[in-house]
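Please keep the sequence and the 3D view at hand while reading.

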Amino acid sequence: MECACKPAGARRGGPAPSVRAGVDLGGTKIQVVVTAKGARVVGQARRNTPLRGGPEVIVRDVVSTVREAAAAAGVDVGELQSVGVGAPGSIDTTTGTVIQVANVAGLDEPFPLGPAVAAELGVPVALGNDVSVAVEAERRYGAGRGYRSFLGVFWGTGVGGGLVVDGRLLLGRGSAGEIGHVCAKPGGRRCNCGLRGCVEAYAGRGALEARARREARKRKTVLFDLMRKRGRDQLTSGVWLRALDAGDLVARDLLREAVGALGVGIGSAVTLLDVEAVIVGGGLGERLGPTWLSRIEQAAREHTFFRETPVFKLAELGDMGGAIGASMLGSGPRSDPKVQTYADGPSARMR
Ligand SMILES: [Zn+2]
């Protein structure tokens with residue numbers, strides 16, 4: 001097996017390996033992986049997403065995290081074939097601009113992230129939606145292998161989703177698969193997106209925490225004690241899991257309600273699309289999945305038209321899935337409207 005961990009100099013004279021970098025730019029962390037053929041991770045680095053300083057600071061931190069991951073893989077940044085960036089939000093593929101990125105401070109205004117990162121690294125950069133790239137990674141290398149159609153549900157701070165239909169990621173007009181903003185309850189709770197009754201307004205970790213804070217004034221709960229004990233400033237997926245294990249009734253009730261909302265969304269999507277599988281990932285999906293996946297399936301069954309429900313599975317690539325998927329950006333068909341490569345860097349001009 002090729003060892004990708006030796007210093008780049010050791011390979012001088014030999015053929016350059018086909019390595020790519022993928023960046024998962026999220027609200028709390030920047031995760032970078034360097035992948036070789038077959039999406040094998042040969043180096044990685046992560047740091048917290050800067051909370052202030054604007055887009056320039058985000059570009060600086062993305063660039064230095066890519067450099068760290070490349071160093072960990074033993075390759076020069078110039079040897080990277082491409083850098084893919086997955087970001088949560090809508091992306092203008094013609095200009096490389098992130099239009100609106102949820103949960104990342106400093107990216108609330110349109111910003112040409114693709115060209116900015118490409119200019120710093122001197123490597124072609126491609127942008128994509130974070131959930132779309134994670135679903136594509138599961139399709140090619142994870143739990144989605146072997147299915148012609150599946151629904152990916154990423155249950156975390158928000159509830160993201162992506163659809164594979166007839167073997168391809170369904171793009172729609174660019175944003176297909178938003179399972180988190182399917183209505184679970186008409187006239188229900190206000191969602192961050194402005195609509196009412198969305199699945200995310202009941203199941204997203206952000207919404208769950210806001211609800212838990214209100215409940216804590218009325219009922220006893222260990223959620224916030226556990227949070228402080230673990231040195232966290234928010235209710236992480238791990239905190240929710242521990243509260244459940246401790247028999248906390250607020251955690252149990254809110255998560256049951258969350259699963260009910262997920263069931264409405266997933267069951268309705270399955271009825272509409274008749275997919276072969278439902279793949280559940282994300283922070284909460286990963287932590288609660290092993291015990292709660294069957295509850296999600298049961299809740300979805302109540303809203304599924306067919307007697308035979310699809311296979312319910314957990315995502316396989318874990319929290320690296322987004323970055324692995326981002327590293328595949330730019331390697332797919334050029335006609336993919338959601339993927340655009342920004343080759344502004346000097347090395348790209350030299351080609
Ligand atoms: Zn919504």
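Which residues does Thr49 touch, not counting residues up to four places away in sequence? In this predicted model, Thr49 touches Leu25, Gly26, Gly27, Thr28, Lys29, Ile30 and Val104. The chain has 351 residues, of which 54% count as buried, and its secondary structure comprises eleven helices and 13 strands. Among the contacts with a separation of 6 or more, 65% are made by residues 24 or more positions apart.

**The surroundings of Thr49**

- Thr49 belongs to the loop between β3 (40–48) and α1 (54–73), and with a relative accessibility of 5% this residue counts as buried.
- The side chain of Thr49 reaches the backbone oxygen of Gly26 at a distance of 2.7 Å, and Gly26 is also one of the residues in the contact list of Thr49.
- Val104, another of the residues that Thr49 touches, is included in a second, separate nonpolar core of 37 residues, together with Val42, Ala45 and Val117 among others.

- Five strands make up an open sheet with mixed pairing, and their order is β10-β9-β8-β11-β12.
- The edges are taken by β10 (168–169) and β12 (311–314), each of which has a single partner strand, so one side of each is left without a neighbour in the sheet.
- Strand β9 (residues 159–165) pairs with β10 in the antiparallel sense over two bridges, and within this pairing Val164 stands opposite Leu169 in β10.
- Helix α9 (residues 282–301) packs on the sheet, where it touches β8, β11 and β12, and its direction makes about 165° with that of β12.
- Helix α8 (residues 249–273) lies across β8 (150–155), β9, β11 (277–281) and β12, and runs at about 160° to β8.

**The largest nonpolar core**

- The largest nonpolar core holds 45 residues, and the members that touch the most other members are Trp155, Leu223, Trp240, Leu262 and Ile266.
- Helix α8 supplies the largest share of this core, namely eleven residues.
- Ile266, once its neighbours within four places in sequence are left aside, is in contact with Leu151, Val153, Ile179, Val278, Ile296, Ala300 and Phe312.

**Salt bridges**

- Glu316 and Arg145 meet through their side chains in a salt bridge with an N to O distance of 3.3 Å.
- Because Glu316 lies in the loop between β12 and α10 (321–327) while Arg145 lies in the loop between α3 (130–141) and β8, this pair ties together parts that are 171 residues apart in sequence.
- Arg301 forms a salt bridge with Glu297, in which the closest N and O atoms are 3.5 Å apart; the two residues are four apart in helix α9, so they are separated by about one helical turn.
- Arg301 is partly exposed, with a relative accessible area of 41%, and Glu297 is likewise partly exposed, with a relative accessible area of 21%, just over the 20% cut-off under which a residue counts as buried.
- Arg211 and Glu215 meet in a side-chain salt bridge at 3.9 Å, N to O, and because they are four residues apart in helix α5 (residues 205–218), about one helical turn separates them.
- Arg211 and Glu215 are both buried, and the two take part in a network of salt bridges that also links Arg189, Lys218, Arg219, Arg252, Asp253 and Glu257.

**The loop between α3 and β8**

- Gly142 is found in the loop between α3 and β8, the loop that also holds Arg145, and at 3% relative accessibility Gly142 counts as buried.
- The C-alpha atoms of Gly142 and Ala315 are separated by 6.8 Å, although the two residues are 173 residues apart along the chain.
- Gly142 touches Ala137, Glu316 and Leu317 when residues up to four places away in sequence are not counted, and Glu316 is the residue that meets Arg145 in a salt bridge.

Key:
Residues are numbered from 1 along each chain as its sequence is written. This is a predicted model: local features need pLDDT of at least 70, side-chain atom pairs count only at pLDDT 80 or more; totals for chains, interfaces and linings use all residues. Side-chain values use heavy atoms; hydrogens and water are left out. Two strands pair if DSSP finds at least two bridges between them. Contact means heavy atoms within 4.5 Å. Axes are lines fitted to C-alpha atoms, for helices over the stretch in contact, and angles run from 0 to 180 degrees between N-to-C directions. Buried means under 20% relative accessible area, exposed over 50%, partly exposed in between (1.4 Å probe, protein chains only). A polar contact is a pair of N or O atoms within 3.5 Å; within protein, one must be able to donate a hydrogen and the other to accept it, and residues adjacent in sequence count only if both atoms are side-chain atoms. A salt bridge is a side-chain nitrogen of Lys or Arg within 4 Å of a carboxyl oxygen of Asp or Glu. A nonpolar core is a set of buried Ala, Val, Leu, Ile, Met, Phe, Trp, Tyr and Cys residues joined through side-chain atoms within 4.5 Å.
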